[in-house]
Amino acid sequence: MKKRKSKICLVSSCGGHFMELIQLLPLVENKQYYIITEKNVASTASVEKHPHHYLVQQERGGMSFIFKFCWNILLSFIYFIIERPTTVITTGAGASYPTCLFAWLFKCRIIYVESFAKLDSKSVTGKMLYPFADYFFVQWPEMKKVYPKAIYSGSVY
């Protein structure tokens, strides 16, 4: 059986999650990779020089959330099929979950980095990905009490 060439997907929502994701770019230097994030003013300027795809910006409140989330699930699937990643690295929030779910279904490696803002409680995305992420990193040693199987190796900043 022919082994697929390694390809890394870096995915996150916009804002602080995206800023943390950008800090991980040196890890994929000289590797085949692409970025998926929500499209907004801050993210477009940061990803233009990298291979990338956009999702629709979504927030958990309001009537439009379910429609935007469903659209992002479809977009995530399309991007997943087009790109065929072998590894997904995420710093979270809701927009990243569908890509991670597809990665799990297609038996890709999933690396999750819990938010720097989480000092003693679980994030929504962390709760959902903890059971099946291959590597689950926390950025504070105190978070090992919250996620016992997590890896602490410092912060991304």
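**K107 and the chain around it**

What we are looking at is a predicted model, in which local features need pLDDT of at least 70 and side-chain atom pairs count only at pLDDT 80 or more, while totals for chains, interfaces and linings use all residues. Residues are numbered from 1 along each chain as its sequence is written, and side-chain values use heavy atoms, with hydrogens and water left out.

K107 sits in the loop between α4 and β5, and although K107 is not a glycine, its phi is positive, at about 60 degrees. A second residue of this kind is R84, which is not a glycine either and has a positive phi near 55 degrees. R84 belongs to the loop between α3 and β4, and with a relative accessibility of 37% it counts as partly exposed.

Now to the chain as a whole. Its secondary structure consists of 6 helices and 7 strands, both taken as DSSP runs numbered from the N terminus, with at least four residues of H or I for a helix and at least two of E for a strand. In sequence order the pattern is β-α-β-α-β-α-β-α-β-α-β-α-β. The radius of gyration is 15 Å, close to the 15 Å that the globule rule gives for 157 residues, so the chain is as compact as a globular protein of that length; the radius is taken over C-alpha atoms, and the rule is 2.2 Å times the number of residues to the power 0.38. Along the principal axes, the C-alpha trace spans about 45 × 40 × 30 Å.

Of the 157 residues, 48% count as buried. If we consider contacts, meaning heavy atoms within 4.5 Å, residues 24 or more positions apart account for 52% of those with a separation of 6 or more. The chain exposes about 8,800 Å², of which carbon and sulfur atoms supply 62%, the areas coming from the Shrake-Rupley method with a 1.4 Å probe.

Let me turn to helix α4, the one that K107 follows. Its buried residues are Y97, P98, T99, C100, F102 and A103, and what covers them includes β1 (8–12), β2 (33–38), α3 (65–83), β4, β5 and α5.

S96 counts as buried, at 0% relative accessibility, whereas G94, at 29%, counts as partly exposed. Leaving aside neighbours within four places in sequence, S96 is in contact with V11, S12, S13, T90 and T125, and on that basis the contacts of G94 are S13, Q58, F69 and T125. The C-alpha atoms of G94 and S115, which are 21 residues apart along the chain, are separated by 13 Å.

Which aromatic rings are paired? The search of the whole structure finds 11 aromatic pairs, counted where ring centres of Phe, Tyr or Trp (its six-membered ring) lie within 6.5 Å, with planes under 30 degrees apart called stacked, over 60 edge-to-face, and the rest tilted. One of them joins Y112 and F136 in a tilted arrangement, 4.9 Å centre to centre with 40 degrees between the planes. Because Y112 lies in strand β5 (residues 109–113) and F136 in strand β6 (residues 135–138), this pair ties together parts that are 24 residues apart in sequence, and both Y112 and F136 are buried. In another pair, the rings of F116 and Y157 have centres 5.6 Å apart and planes at 80 degrees, so the pair is edge-to-face. F116 lies in the loop between β5 and α5 (124–129) and Y157 in the segment after β7 (151–152), so here the parts tied together are 41 residues apart in sequence. F116 itself counts as partly exposed, at 30% relative accessibility. Ring pairs also link F77, F80, F102 and F106 into a cluster.

I will finish with H53, in strand β3 (residues 52–55). H53 is buried, with a relative accessible area of 17%, and, leaving aside neighbours within four places in sequence, H53 is in contact with Y34, I35, I36, T37, Y79 and E83.

Technical notes
Buried means under 20% relative accessible area, exposed over 50%, partly exposed in between (1.4 Å probe, protein chains only).
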